[in-house]
Every structure is written in structure tokens, then in C-alpha cells.
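Reader: I would like to learn how to read salt bridges and helix contacts in a model. Please take me through one case.

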Amino acid sequence: MSMDFNLFMNDVVRGAREEATASGYKELLTAEEVDEALNQQGTTLVLVNSVCGCAGGIARPAAAHAIHHDKRPDHLVTVFAGQDKEATAKARSYFEGYPPSSPSFALLKDGKLLTMVERHEIEGHDPMSVVNKLQEYFDQYCEEI
């Protein structure tokens, strides 16, 4: 029995996209959508999604749970590394001083980068440590909702 790799990957990608959007993150598919979203007034959390195991087992669950907090970003968005290349490249252009990293999180305010949680802070860690790190940043930079 053979499996078509592209069909398999389409299912994996679709599931990863749906997991992020079901958690309340708006998917950004173009560079124009990224510019519009990241230049909104207020705080914006960007999830740089991917198909790797640490995205599925740590980053996306952390993204879903971290936002259940007294202080949280005004806007939640996601780009998909390796899939929506133009959107991801545009988002990364806002992350000055940080190399490309996926999965990762970026917290911006009024279009300016405040901080990031990079892959090395996700991979090999448990989801709750990433949730705690994100919520520490929310406490520092976000307003109570």
C-alpha cells in the first residue's frame, strides 16, 4: 500500500492551520494581510506556525492556552512557515534582530516588535513553560481584558 506524500502533507497542514484558527488566531496568507494586521493599534501576538513536532506538541497548544489570561494581546494572528512563504517573509521582516525561527511567537505593539519566543525556547520544553513565558510577556506588555 502506498501513500501519496502530497495528500498526506495537505492533511497535516490543514490540521495545523485549523488548530491555530480554532484557538482564535486569524490566518494571514499574504504580505498585504500581514502589513495590515501587524500595523494595527494595540498589541498583536503572531504565531509562526509549522508542521514540525514541536509546533504540534508544544507551540500550538501553548498558543491556545496562553490567551486564557487576565492580560492578553488585542490581536491574535498566525502565518505558516514553509507554506505561505510571502506572508511569513513579510512577518519576519518585522522581527528585527531575530533570525527566522519556526515555530515561534512575536509580540508587537503598534507595529513595533516588543519580544519573541523563539524555537529554541519551545522545542524540548513542555507546553506549560511556553504558556508561562507568553503570559509573563502579556503581564508586561498587554492590558487587562
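Reader: Is K133 buried, partly exposed or exposed?

Author: Buried means under 20% relative accessible area, exposed over 50%, and partly exposed in between (1.4 Å probe, protein chains only). K133 is partly exposed, with a relative accessible area of 26%. A word on the source: this is a predicted model, where local features need pLDDT of at least 70, side-chain atom pairs count only at pLDDT 80 or more, and totals for chains, interfaces and linings use all residues. Residues are numbered from 1 along each chain as its sequence is written, and side-chain values use heavy atoms, with hydrogens and water left out.

Reader: Which residue forms a salt bridge with K133?

Author: Side chains of opposite charge can pair when their charged atoms come close. The salt-bridge criterion is a side-chain nitrogen of Lys or Arg within 4 Å of a carboxyl oxygen of Asp or Glu. Here the partner of K133 is E121, with the closest N and O atoms 3.3 Å apart. E121 sits in the loop between β5 (112–117) and α5 (127–141), and K133 in helix α5, so the pair ties together parts 12 residues apart in sequence. Helices (H or I, at least four residues) and strands (E, at least two) are DSSP runs, numbered from the N terminus. E121 is buried, at 18%.

Reader: How many salt bridges does the structure hold?

Author: Seven. One of them joins D84 to R17, at 2.8 Å between the closest N and O atoms. D84 lies in the loop between β3 (75–80) and α4 (85–93), R17 in helix α1 (residues 5–22), so this pair ties together parts 67 residues apart in sequence. D84 counts as buried at 13% relative accessibility. R17 is buried too, at 17%.

Reader: Where do E19 and R60 lie?

Author: E19 is in helix α1 and R60 in helix α3 (residues 53–66), 41 residues apart. Their side chains meet in a salt bridge (3.0 Å, N to O). E19 counts as partly exposed at 30% relative accessibility, while R60 is buried at 9%.

Reader: At what angle do the axes of α2 and α4 cross?

Author: Axes are lines fitted to C-alpha atoms, for helices over the stretch in contact, with angles from 0 to 180 degrees between N-to-C directions. The axes of α2 (residues 31–38) and α4 cross at roughly 35° and come within 8 Å.

Reader: Which residues make the contact?

Author: Contact means heavy atoms within 4.5 Å. From α2 come A31, E32, V34, D35 and L38; from α4, E86, A87, K90 and A91.
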